[in-house]
Amino acid sequence: MFKLDANASMGSEDLDAYNPMGIHGRQTSFPPAPTSPRLSHVRRVSAPPPAPKNDPWRKQTAWSISGCLVYLCFMASWGFYFYVRIRYTLTGGIFPYALVILIFDFISASSMVVHGLSLLRRRVPREVLPGSPPPQKEYIIRVLIPCYTESLEIVKDTILAAANSLLPDKCLRTVYVLDDGKDPDKAAWVAEQGRDDIVYRSGRVREAGETNGKACNLNNTLKWLYPADKCVSDEELLVIFDADMVCTPEFFVKIIAELYDPQVALVLTPQAFHNYDPSCDIFNHSNLIYWQISLPGVDGWDNVSCTGTNFVVRARAAQEAGFFPTYTLGEDMALALEIQKAGWKGAYVKEYMAVGEVPETIRNAFMQKSRWCKGGMQIFFSKHNAVLAGRNISIMQKIIWNTSGLAYLSTTLTTPVFLIVPIVGVWAGYFPLEFSRMFALAFTIYAFMSHVLLYFCHDWRHIRSIYFSICAAHVFWFAYAKACVNTIVAAILKRQIKFKTTEKTVMASTVTDAANKAKAKLRDTWGHHLWINIQDLWIHIVVLVISLATAIVGIIRLASEANFKQIQTISILVSVGWCIYNLMAPVLLVWHKLFQNRFLTPLVNFCAGLSTIIVVMIIIIIWVILPQEYNYGNILGQSLDFYAAQRSGYLPADNPISWRGNSALTDVSPTGSSLVGGYYDNAGAVKYTFPLAAATTIIAWSMLEHSKGYSTAGLTQYGLDTLKWSTDYLLECNLQETFGSDFAYVAQVGSFALDAAYWGKPEQMNMSRPVGFITRANPGSDLLGASAAALAASAMAFEDSAPAYAAQLTDLATTLYNEGAANLGYYSLTVNDSQILYNSTSYFDDLAWGAIWLYKRTGQEQYLTQAETYYAAQLPFNNNSDPGTGMVFNWNNKLPGVAYLLLEASGFQNASYYYLVNNFVQSWTTPDDGISRTPKYASWVSPNSPLMESANAGIIAWLFSSNTAATGFYKCWAEFQMRYILGDGHRSYVVGEGHEAPLRAQHKGASCGGPPDKMCPPGAKYSADPNPHVLTGALVDGPQKPDDVYDDIRGLDNSKVSLAQNSGFTFLLAALSEQGQGTFTHCSQSHGFIYGLHNSSPV
């Protein structure tokens, strides 16, 4: 321990040992002892008026321009961050969980907002002319040193330093030793000194239910010195030192100078300590942020601050406040608050002029912090709170007065929550916010400005102290939590909270009586030490073990992750980093408990450096690994562009595809009626009605279910135009009028063989284009059922904008359905050329499909009954087919769609249909029934158009999850299939969109280049060059199995495109456009999506 000889001054060499700032004076002589106390007979009830503005000794403050600029920039980043948090991140995770964490995030950030207030104002240095003497004040200084069980070895150094320090001229001083422990050794030692300026007082009678023994001890002497009937002069000063605080020789000279301003009633100095290592201060004993940043700023707002020792207060101000309040353990803060309420000002001298001891055991450190927290909370939750004060305290001062209570509450509430968040993120897969580029931007700016604010006005030596303050919050949060709970419970139950003193070094080691020796012997046993260790550290050990286990589990899961660019991957990475960050304080605390300060400094340096690296890496991870944010509305428009590129006939003037022109203008039926128009199905120029009808139905369905998705993207009219180009052609395909009494309907225009032999632009083709059609004698129930569905669904889409046209579509839909139901047969047996690409294997599903859409359009029960009949007739065929083939929803198998619409027609109440739809969706979302899943979680059933089939299955999954109580996992699975298609797997399979998008889609017009009237160059089909024209929005077949290498070669099947292939893709884009951004984060986190994919059943 540092000791001060009674007859020697404290030199600069000694001061440097405990003064972290290196600021001190030097003493050369001592004044004589003071005379007896004297009292004034002038009584006032408030602070005196301020000194004249030209008084050089008047305390003056001013705005800090640099501090204001930093704070304004920080507040702008703070506002932007929380705007983004509220606007963009709450869709991620479970909403209530996300909202709760947002609230705690706000509470935590509020501490930085309040801390920044200390940067706004500063003291203005006094402009005293050289040689100008200070005011001649005859101050009477009463030094009060309360003590209890502290040893004489500690107290006597404090007494002698206070009694022997320098004084300004004409000032008198008396030191009072206020011994609440009635220690005969202290009494004898004071008597031995034989000095009138050192007075020993003891023998106070303790009252029952006493809350604050220190305050009562001080008040006992103060009421003796200043009876209620005596008036006190403004030149009567009280100086308070804790029993272990040894002041420097210049303490009184420098601190009294602040009192030359008559409105200043209390002057505080910072505290320094000798018995800790500032290089490994994990308990933040130095607290440089408070002493070097906060208090100078608080002083700039003229706040009265007090920390219990090393301060001077005018006796009159203390008397008017009733001396030290006893309702709280924080008597120092409470006294300062009452003085502020009376209109007085405070001052702060940023010089270390007193040195004491910090608690040397973890338990004592916890007790000290707990006592401070209880004291602050007692004021915060009492009627004495500054918020309830009158006009003498400004709004800003009221805010500053509550920073202590808010800081304790913030640490108590937010620290455990932020310990739990990463644990939940790894184990449960729930992360409370959506990671997005907007969030990444807001978080990066906010984190940068937070550090600028935190480090502002610090020199480089203070950087480590910032880490110590953060570390201390993790060390003491549980002590604060218990203190807050105990304070609130005590207030509710009207219980007393007792003042517990903090043991000092000599006090803890000096044991005299036999009973205490027996207790000390018990404390030395191994079992007692173990129990104490468990009591002190159990919560930190629990945090250490759980956080370490969580980090290990997270690393293992990351190591097994096939697709690294996922929201869930970012969540786990951030959670792992966060857990490691949270580990550090418990590790340092346990190390200190086991090894004291041995090798603690390098460990602290390592943890501080690693903490910084983790914060930086989290920002980098969010930016670098963040999955692509897809503009679904924009991509929906691109998908419609693909249909525009497939148009046949006379193109409108505003056709969006510049490299397409009029084509197939001579398409006519056998009777001469026009068949100009419609869509080419794939790379060539053949028009197939069967897949066109299937695609048209899906697009119409998307507009009915997700009209907002189209309108949000500004694509409603474009979608209707896309439908009308198809329905106009479907109307033309009806040849009944030209065939007379017989019925005929066109199934195909163009020849597969002739078209395959020609690689050129459709605008330049001149080959024969035969027409295939069905009649009653050569029926096609499948074609007619599918076409009826397309017309009925489209009629519903046109009902509001073109009711007459919708009625025309409905009439033809009814005709086609009735013809198909009356004359059963496969269209592809009649139009043999269609078997090459679009061979139909059933017609009951198509009739059911047509019937259920007519029911939706007309509401006539007969169609619902017929749909159920045809569905039941088709079901055995699907159940007996190959397990994988029976579980697809495409142009050839409409049964899953029929099942969903039948379930919808029942109000989602029919258990049988519910089971069938759920079984279909569950088969796709979990690897079973012939459906496989790749390591990157893409589901597929066959090598033929695997991406189309997963997108189509996504339609049913999305609708089923959206409209029933089925798990949200299904909808999430659908979105993931879409994200896989767009590039989350490793590349995009959509032309013109995303990373490594296909460049050589199999398409004649796109591969030829040049304007429509220019001939296609020879060898265009097999050229290795990218297509000269971009077939924007086209979904290619993709590899035979997702995750396999995609050969971007024009002549291979995996580069094929088609109308039906794009339709399910278009539907889901409309759904996602309506849903908006953030759905995938919600999926990844709230439904444990990635974990569901790892399991055999959905989460």
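**View 1. In strand β10, the residue V312 is the bridge partner of V239.** Strands here are DSSP runs of E with at least two residues, and helices are runs of H or I with at least four residues, both numbered from the N terminus. The model is predicted, so that local features need pLDDT of at least 70 and side-chain atom pairs count only at pLDDT 80 or more, while totals for chains, interfaces and linings use all residues. Residues are numbered from 1 along each chain as its sequence is written, and side-chain values use heavy atoms, with hydrogens and water left out.

**View 2. Strand β6 is joined to β3 and to β10.** Five bridges link β6 to β3 (residues 140-147) in a parallel arrangement, and V239 of β6 is the bridge partner of V143. Four bridges link β6 to β10 (residues 311-314), and these two strands run antiparallel. Two strands pair if DSSP finds at least two bridges between them.

**View 3. Both faces of β6 are covered.** On one side E236, L238 and I240 are buried, and on the other L237 and V239 are buried, where buried means under 20% relative accessible area with a 1.4 Å probe and protein chains only. Because five of the five residues of β6 (residues 236-240) are buried, this strand is largely enclosed by the rest of the structure.

**View 4. N890 sits in the loop between α32 (861-880) and α33 (895-905).** N890 is buried, with a relative accessible area of 12%. Leaving aside neighbours within four places in sequence, N890 is in contact (heavy atoms within 4.5 Å) with M948, E949 and N952.

Terms used
Buried < 20%, exposed > 50% of the residue type's maximum accessible area, 1.4 Å probe, protein only.
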